[in-house]
Amino acid sequence: DALAYCENLSFAGHDDWRLPNVRELQSIVDYGRVFSSPIDPVFGTLSIAHWSSTSYAVNPLHAWSVDFFLGHVNNVDKGHVNVYVRAVRSGP
């Protein structure tokens with residue numbers, strides 16, 4: 001559902017949104033930020049798990065997610081509902 005949501009998203013005058021892969025999501029985690037969220041406030045994101053487009057190879061019913069509260073990367077059942085999306089665009 002997260003993939004479809006991003007692919008069908010029309011926001012801010014753009015319709016070329018996509019779900020980022022796990023490495024892209026992890027790239028905004030700053031593990032040097034102690035005693036606060038590991039996500040820089042400039043990204044304005046919720047401190048909770050976010051879906052990636054990367055499936056979990058061991059179990060195709062799971063996908064990788066990045067927790068923006070602690071910076072953890074986890075595999076999560078694709079049926080889990082308490083995971084958010086952060087849509088991205090590839091171009092200008």
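**Reading the model**

Student: Which share of the contacts in the protein with a separation of 6 or more comes from residues 24 or more positions apart?

Tutor: A contact means heavy atoms within 4.5 Å. In this protein, residues 24 or more positions apart account for 48% of the contacts with a separation of 6 or more. Please note that this is a predicted model, in which local features need pLDDT of at least 70 and side-chain atom pairs count only at pLDDT 80 or more, while totals for chains, interfaces and linings use all residues. Residues are numbered from 1 along each chain as its sequence is written, and side-chain values use heavy atoms, with hydrogens and water left out.

Student: How many helices and strands does the protein have?

Tutor: Helices (H or I, at least four residues) and strands (E, at least two) are DSSP runs, numbered from the N terminus. The protein has two helices and three strands, in the order α-α-β-β-β from the N terminus on. Its radius of gyration is 13 Å, close to the 12 Å that the globule rule gives for 92 residues, so the protein is as compact as a globular protein of that length. That radius is taken over C-alpha atoms, and the globule rule is 2.2 Å times the number of residues to the power 0.38. The C-alpha trace spans about 35 × 35 × 20 Å along its principal axes.

Student: What percentage of the residues of the protein count as buried?

Tutor: Buried means under 20% relative accessible area, exposed over 50%, and partly exposed in between (1.4 Å probe, protein chains only). Of the 92 residues of the protein, 28% count as buried.

Student: Why does His62 count as buried?

Tutor: His62 counts as buried because its relative accessibility is 17%. His62 has its place in strand β2. Beyond residues up to four places away in sequence, His62 touches Ser55, Tyr56, Asn75, Val76, Asp77 and Lys78.

Student: How many salt bridges are there?

Tutor: A salt bridge is a side-chain nitrogen of Lys or Arg within 4 Å of a carboxyl oxygen of Asp or Glu. The count here comes to two salt bridges. One joins Asp16 to Arg89, with the closest N and O atoms 2.6 Å apart. This pair links distant parts of the chain: Asp16 is in the loop between α1 (2-7) and α2, and Arg89 is in the segment after β3 (73-77), 73 residues apart. Asp16 is partly exposed, at 38% relative accessible area, and Arg89 is partly exposed at 22%. Another salt bridge joins Arg18 to Glu24, where the closest N and O atoms are 2.7 Å apart. Arg18 is partly exposed at 26%, as is Glu24 at 29%.

Student: Which side chain of opposite charge is nearest to Asp67?

Tutor: For charges, Lys and Arg count as positive and Asp and Glu as negative; His and the chain ends are not counted. The nearest side chain of opposite charge to Asp67 is Arg86, 13 Å away. Asp67 is buried yet has no salt bridge; its relative accessible area is 17%. Asp67 lies in strand β2 (residues 62-67). Leaving aside neighbours within four places in sequence, Asp67 is in contact with Ile48, Ala49, His72 and Asn74.

Student: Is Arg23 buried or exposed?

Tutor: Arg23 is exposed, with a relative accessible area of 69%. Arg23 is found in helix α2 (residues 22-26). The C-alpha atoms of Arg23 and Val66 are 9.3 Å apart in space, whereas the two are 43 residues apart in sequence.
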